Amino acid sequence: MKRIRMSIDILMMLLLPLLMAYSLIGEDLHEVLGIVMSLLFIGHHILNRQWWKALTKGTYNGARILNTVVNLLLVGFMILQPVSGLLMSKHVLKGISLPGAAGLLRTIHMPLAYWGFVLMSFHLGLHGRMIVANLARRLDQNGKKIASFGMALVACYGGYAFFKRGIGEYLLMKTMFAFFDFNESRIVFLMDYIAMMIGIAFLAYWIQAGLIHLDQRRRSSLR
């Protein structure tokens, strides 16, 4: 079960930058990958259904509140995004598309896609402690330092790519159409989005670490 869960999570991470390159990979492939992503997301939540059962149990500290809010927002976006995409399908499920509503649906779908990208990357970072622990067991002290420095460099470049590609404009709906340079290498585009994923995950990891530290200090002061 653990291997299945891990395989699904890895596939979702691989699909995410590909979905953001929809005009570069073609609309028909984008629709197929979007359906696959939705099925993987459903499978992810079925395998992690214990999280839903535990929502009303235990106490909530800052880190748990952050994790819960991000997860619930992500669920909402991952429901609305594929629905809006399916309703304007031109290839795979064009029989259920809504004629005349493409403009409105595109206006809904595009910011949802970018917010979904940010939230999924942030969600990844909230599970960074487990990833870091697994890496730490496999690396010596020098390897840990090199890996940390390398990740920090990639995260910094991801921040640069975030502003270079105007992601904030899409998130705030200031830009209603995604612009693609069709002369740009697809590899460069995907590497930028992977770097952005790592950068957002890096930010989430340290925000969560800060909240955990604050909670530990609060509990120590109450003893």
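Start with helix α10, which runs over residues 186-222 in this predicted model. With 37 residues, α10 reaches 54 Å from its first C-alpha to its last, close to the 54 Å expected at 1.5 Å a residue. Look at where α10 begins, and you'll find S185: one of its side-chain oxygens comes to within 3.2 Å of the backbone nitrogen of I187.

Now for the aromatics. How many aromatic pairs does a search of the whole structure find? The count is nine. One of them is Y157 with Y160, a tilted pair with 5.7 Å centre to centre and 50° between the planes. Both tyrosines belong to helix α8 (residues 141-164), where they're three residues apart, about one turn of the helix.

Go back to α10 for another pair, F202 and W206. Their ring centres are 6.3 Å apart and their planes sit at 65°; planes over 60 degrees apart count as edge-to-face, which is why this pair gets that label. In α10, F202 and W206 are four residues apart, and that puts about one helical turn between them. As for F202, its relative accessibility is 28%, so F202 is partly exposed.

F117, F189 and Y193 make up one aromatic cluster. Then there's Y60, which has R64 lying over the face of its ring, 3.9 Å from the ring centre.

The largest pocket has a volume of about 1,000 Å³. It is lined by 30 residues, and the closest to its centre are D9, H44, L124, H127 and M130. Which helices supply at least two residues each to this lining? They are α1 (2-20), α3 (27-47), α4 (49-53), α5 (62-87), α6 (102-126) and α7 (128-138). The largest share comes from α1, with eight residues.

One last stop is α4, the helix that holds W52. If you trace from W52 to T68, you cover 16 residues in sequence, while the two C-alphas are 9.8 Å apart in space.

Notes
Residues numbered from 1 in each chain as written. Predicted model: local features only at pLDDT ≥ 70, side-chain atom pairs only at ≥ 80, totals over all residues. Heavy atoms only, no water. Expected span 1.5 Å × (residues − 1). Polar contact = N/O pair within 3.5 Å; in protein donor to acceptor, adjacent residues only side chain to side chain. Phe/Tyr/Trp six-rings, centres within 6.5 Å; stacked < 30°, edge-to-face > 60°. Buried < 20%, exposed > 50% of the residue type's maximum accessible area, 1.4 Å probe, protein only. Lys NZ or Arg CZ within 6 Å of the ring centre and 35° of its normal. 1 Å grid on protein atoms, 1.4 Å probe; cavity = no way out; pocket = protein on both sides within 12 Å on 5 of 7 lines; lining within 4 Å. Points joined across faces, edges and corners; volume = space filled by probe spheres on them.
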